Amino acid sequence: MTTHAETHAPVQPVVYLRTYGALLVLMALTVVVWYVPNHTGTGHINQALALSMAMLIAIIKALLVILFFMQVKYSSKLTWLWAGLGFMWLLFMSGIIMDYVSRNFRMPDGRPF
Amino acid sequence: LSLEVAKSEEVTEHAVLPTDEHGHEEHLYHQFENRAQQDESYVVGMWTFLVTEILFFGALFLVYALFRMKYPQVYSDAHEHLDWRLGALNTVVLLTSSLTMAMAVYEAQIGKRWRSIGYMLVTMFLAAAFLVIKLAFEWYPKWQHHLVPGPSFHYFSLTPDGREIAPLVAPGKAELFFGLYFTLTGLHGIHVLIGILVMGVLCILLALNRPSVRYYMPIELAGLYWHFVDIVWIFLFPLFYLIGR
């Protein structure tokens, strides 16, 4: 990352190949953590935990794509800011949605929250 | 996992900068101090567009999340109709196309025009393969089984070994799941199609050696778009195909 606009030298193919390898491994991992508890009959897994694991792997994959394939790792701070901005807005938007979800929340004794 | 990249690998060659007959840099517009500044504004401009795309898809992902919280059983039952093997195959196809697109950008950056075209043609082929798998092997059978939301929608549940049984969940709620499935994968598919068109135009311009593509930036920006399409699928795959029982 540079502090101001500088042309960076081309990212070498080996970086792309490693990123690709890591993405394939992560894809296999996300299938395995889903397949084993659901299709082999080896114990059940908490659904919230399963979803969190799948989403964590997806976020790592997205970060790999953004940092290396999209070359944000080698880009200026302004690019970092812009690349992060979309996800910030997405976070705000999910905060707004949480308002709607929280309307159904109940106290332990069943009274409205 | 190879998250870290040795610094030495990053820098060996320099991007090819085209010059005109007077030795001046081509395509450096007068409002920019230097090429780096111009490149940065191209990239930031593209990211600005991608921010709107993140919110566009993001809103639909939030609708998905909202109804999944509300009807977890429906999602679990309806997702049995999706074949995870086809989803996984399409994930591999798209990840590979991202690699070939990154290579197309690299070749354009070091001035290898025809190699860049070659990699882009491979990317376009993989993108087309993605659409064929999606439409012919996933959408069309669902159409035949009346699983497309609308007047002819007719829901049935599937057992783990693939037998059709009476619906275990409310068909109306399952229709919602398929509505989201077709909307999200459909919009994503349209993005794939647009990607193919953009790459096709770039290939033609590169083959004709047009001045507009003599500097690698247009290919880089198409690459950013293509990787974004890949990211959307990275989330779609586990959210639709890998739902637990």
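At the N-terminal start of helix α2(B), a side-chain oxygen of B:Asn34 reaches to within 3.2 Å of the backbone nitrogen of B:Ala36. This detail, like everything that follows, is read from a predicted model.

A:Asn46 sits in the loop between α1 (13-39) and α2 (47-69) of chain A, and its side chain reaches the backbone nitrogen of A:Ala48 at 2.7 Å. A polar atom of the side chain of A:Asn46 also lies 3.1 Å from the backbone nitrogen of A:Leu49.

We can now turn to the place where the two chains come together. Here 63 residues of chain B are in contact with 62 residues of chain A. The size of an interface is often given as the accessible area lost when the parts come together. For chain B and chain A that buried area is about 5500 Å², and 74% of it is on carbon and sulfur atoms. Within chain B, the residues that lose the most area to chain A are B:Trp47, B:Leu62 and B:Arg245, which together account for 12% of what that side buries.

Which elements of chain B give two or more residues to the side that touches chain A? They are α1 (7-10), α2 (35-70), α4 (84-109) and α7 (217-241) of chain B, and of these α2(B) gives the most, with 19 residues. When the residues of this side of chain B are sorted by kind, they divide into 38 nonpolar, 13 polar and twelve charged. Across the interface of the two chains, the rule finds zero salt bridges, whereas it finds five residue pairs in polar contact, with both residues at pLDDT 80 or more.

After α5(B) comes B:His146, whose phi is positive, near 60 degrees. Helix α6 (residues 171-207) of chain B has 37 residues and reaches 53 Å between its first and last C-alpha, close to the 54 Å expected at 1.5 Å a residue, and α6(B) is followed by B:Asn209, whose phi is positive, near 55 degrees.

How values were computed. Residues are numbered from 1 along each chain as its sequence is written. Chains are lettered from A and ligands numbered from 1 in the order in which they are written. This is a predicted model: local features need pLDDT of at least 70, side-chain atom pairs count only at pLDDT 80 or more; totals for chains, interfaces and linings use all residues. Side-chain values use heavy atoms; hydrogens and water are left out. Contact means heavy atoms within 4.5 Å. Buried area is the accessible area (1.4 Å probe) that two parts lose on being put together, summed over both. A salt bridge is a side-chain nitrogen of Lys or Arg within 4 Å of a carboxyl oxygen of Asp or Glu. A polar contact is a pair of N or O atoms within 3.5 Å; within protein, one must be able to donate a hydrogen and the other to accept it, and residues adjacent in sequence count only if both atoms are side-chain atoms. Helices (H or I, at least four residues) and strands (E, at least two) are DSSP runs, numbered from the N terminus. Ala, Val, Leu, Ile, Met, Phe, Trp, Tyr, Cys and Pro count as nonpolar, Asp, Glu, Lys and Arg as charged, and the others, Gly among them, as polar. The expected span of a helix is 1.5 Å times one less than its number of residues.
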